[in-house]
Amino acid sequence: MTPLLEGTRAVSVEPTLGGLDTRDWLSRSGDTLARLRDQHGAVLLRGFSPLDADGLSALATALSGSLLSYNNRSTPRTRVSGKVFTSTEYPADQTIPLHNEMSYSDSWPDTLFFCSVVPAAGGGETPLADSARVYERVPAAIRERFERHGVMYVRNFGSGMDLSWQEVFQTESRSEVDAYCKEHSIRAEWLGGEKLRTQHVVQAAVESPKTGQKCWFNQAHLFHVSSLPEEVQSELRESFAEDELPRNAMLGDGTALDPADLAEIRAAYAAEEIAFRWQAGDILVVDNVQFAHGRRPYSGPRKLLVAMA
């Protein structure tokens, strides 16, 4: 075992024997992988025999007990097998900012399992950032504001932009959407036709159950329209009123986010960002509270699978 990169507590594990199957290693090594995940937050398994989607599902299930489906989605994904998906179908030339999976929600996966089947010829890294260190870097006054109010995520479906409500909630039934929203305290408002607006106020930070440290845990910087390229921002603002933007974020009391605050938050992520080059067969196990992840632009084919538990 070695540090994944200098200066980070994330680690890389490589077998001394070639061709070792991660599932066999897991079954013989007791709680080693779970302990490494809990202590170091992210574990890269490299040099083991490659896994397909079913193999990734078996590994993730053996470690975590059961896998999660992907409801209340924020990114397009394709189901590969069972509860294993492509990591995202987001355009290859765009960056996905660092974020904790589903931290825009009131329920999220504890652990993410990434499996590199085809690494990109150029770029395509999955950068990581230590969420506790991001929290410490965010100025105290901003932390206090965010933690006092929480973050409100506003999504408008049915405009032809962004994901449809059918894809986000994985149903064609409006009553099922209403039931999901009621269960999760999401305000849902049907506005005629296919138009649906949801508002959800949730946490800005959480305490890691593994380390006890406070972790920055929201996607305000990603949902806010300012996360988009300037030309896209301009097009959206010309096409939609503020409350009709396909997705947006504000403080939990409805106050607009200060662009200066978002700049500080993005700077905190940037200061903590680390990245490694994927190799075919790599598996990355991530504690979703302790570490944020993202995606860098890439060229050429790229296939990265994900399972969540």
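Colleague: Which residue lies over the face of Tyr-70, and at what distance from the ring centre?

Modeller: Arg-77 does, at 4.3 Å from the ring centre of Tyr-70. A charge sits over a ring here if NZ of Lys or CZ of Arg is within 6 Å of the ring centre and within 35 degrees of the ring normal. A second case is Arg-247, whose charged end sits over the ring of Phe-223, 4.9 Å from its centre.

Some ground rules come next. This is a predicted model, where local features need pLDDT of at least 70, side-chain atom pairs count only at pLDDT 80 or more, and totals for chains, interfaces and linings use all residues. Residues are numbered from 1 along each chain as its sequence is written, and side-chain values use heavy atoms, leaving out hydrogens and water.

Stay with the rings. Phe-223 also belongs to a cluster, linked by ring pairs to Tyr-104 and Tyr-153. Rings of Phe, Tyr and Trp (its six-membered ring) pair if their centres lie within 6.5 Å; planes under 30 degrees apart count as stacked, over 60 as edge-to-face, and the rest as tilted. This rule gives twelve aromatic pairs. One of them joins Phe-157 and Phe-169, edge-to-face, with 6.1 Å between centres and 65° between the planes. Phe-157 sits in strand S10 (residues 151–157) and Phe-169 in helix H6 (residues 165–169), so this pair ties together parts twelve residues apart in sequence. Helices (H or I, at least four residues) and strands (E, at least two) are DSSP runs, numbered from the N terminus. Phe-157 is buried, at 4% relative accessible area. Phe-169 is buried too, at 5%. Buried means under 20% relative accessible area, exposed over 50%, and partly exposed in between (1.4 Å probe, protein chains only).

Phe-169 leads on to Asn-72. Asn-72 lies in the loop between helix H3 (53–64) and S4. With 5% relative accessibility, Asn-72 is buried. Setting aside neighbours within four places in sequence, its contacts include Phe-169, Tyr-104, Arg-155 and Tyr-180. Contact means heavy atoms within 4.5 Å.

Now the sheet. Eight strands form an open sheet with mixed pairing, in the order S1-S2-S3-S16-S7-S19-S5-S4. Strand S1 (2–3) and strand S4 (79–81) are at the edges, each with a single partner strand, so one side of each has no neighbour in the sheet. Two strands pair if DSSP finds at least two bridges between them. Strands of a sheet pair through backbone hydrogen bonds, either parallel or antiparallel.

Take S16 (residues 283–287). Five of its five residues are buried. In a regular strand the side chains alternate between the two faces of the sheet. Both faces of S16 are covered: Ile-283, Val-285 and Asp-287 are buried on one side, Leu-284 and Val-286 on the other.

Who flanks S16? Strand S3 (residues 42–45) pairs with S16 in the antiparallel sense, over four bridges. There, Leu-44 is opposite Leu-284, and Leu-45 is opposite Ile-283. Strand S7 (residues 111–118) also runs antiparallel to S16, joined by five bridges. Phe-113 has Val-285 as its bridge partner in S16.

Two helices remain. Helix H2 (residues 32–40) has as its buried residues Thr-32, Leu-33, Ala-34, Leu-36, Arg-37 and His-40. After H2 comes Gly-41, with a positive phi near 85°. Leu-33 also touches Leu-26, as do Leu-59, Ala-62 and Leu-63, not counting residues up to four places away in sequence. Leu-26 is in helix H1 (residues 22–28), and is buried at 8% relative accessibility.

Last, the whole protein. It has ten helices and 19 strands. Its radius of gyration is 19 Å, close to the 19 Å from the globule rule for 309 residues, so the protein is as compact as a globular protein of that length. That radius is taken over C-alpha atoms, and the globule rule is 2.2 Å times the number of residues to the power 0.38. Of the 309 residues, 51% count as buried. Among contacts with a separation of 6 or more, 78% come from residues 24 or more positions apart.
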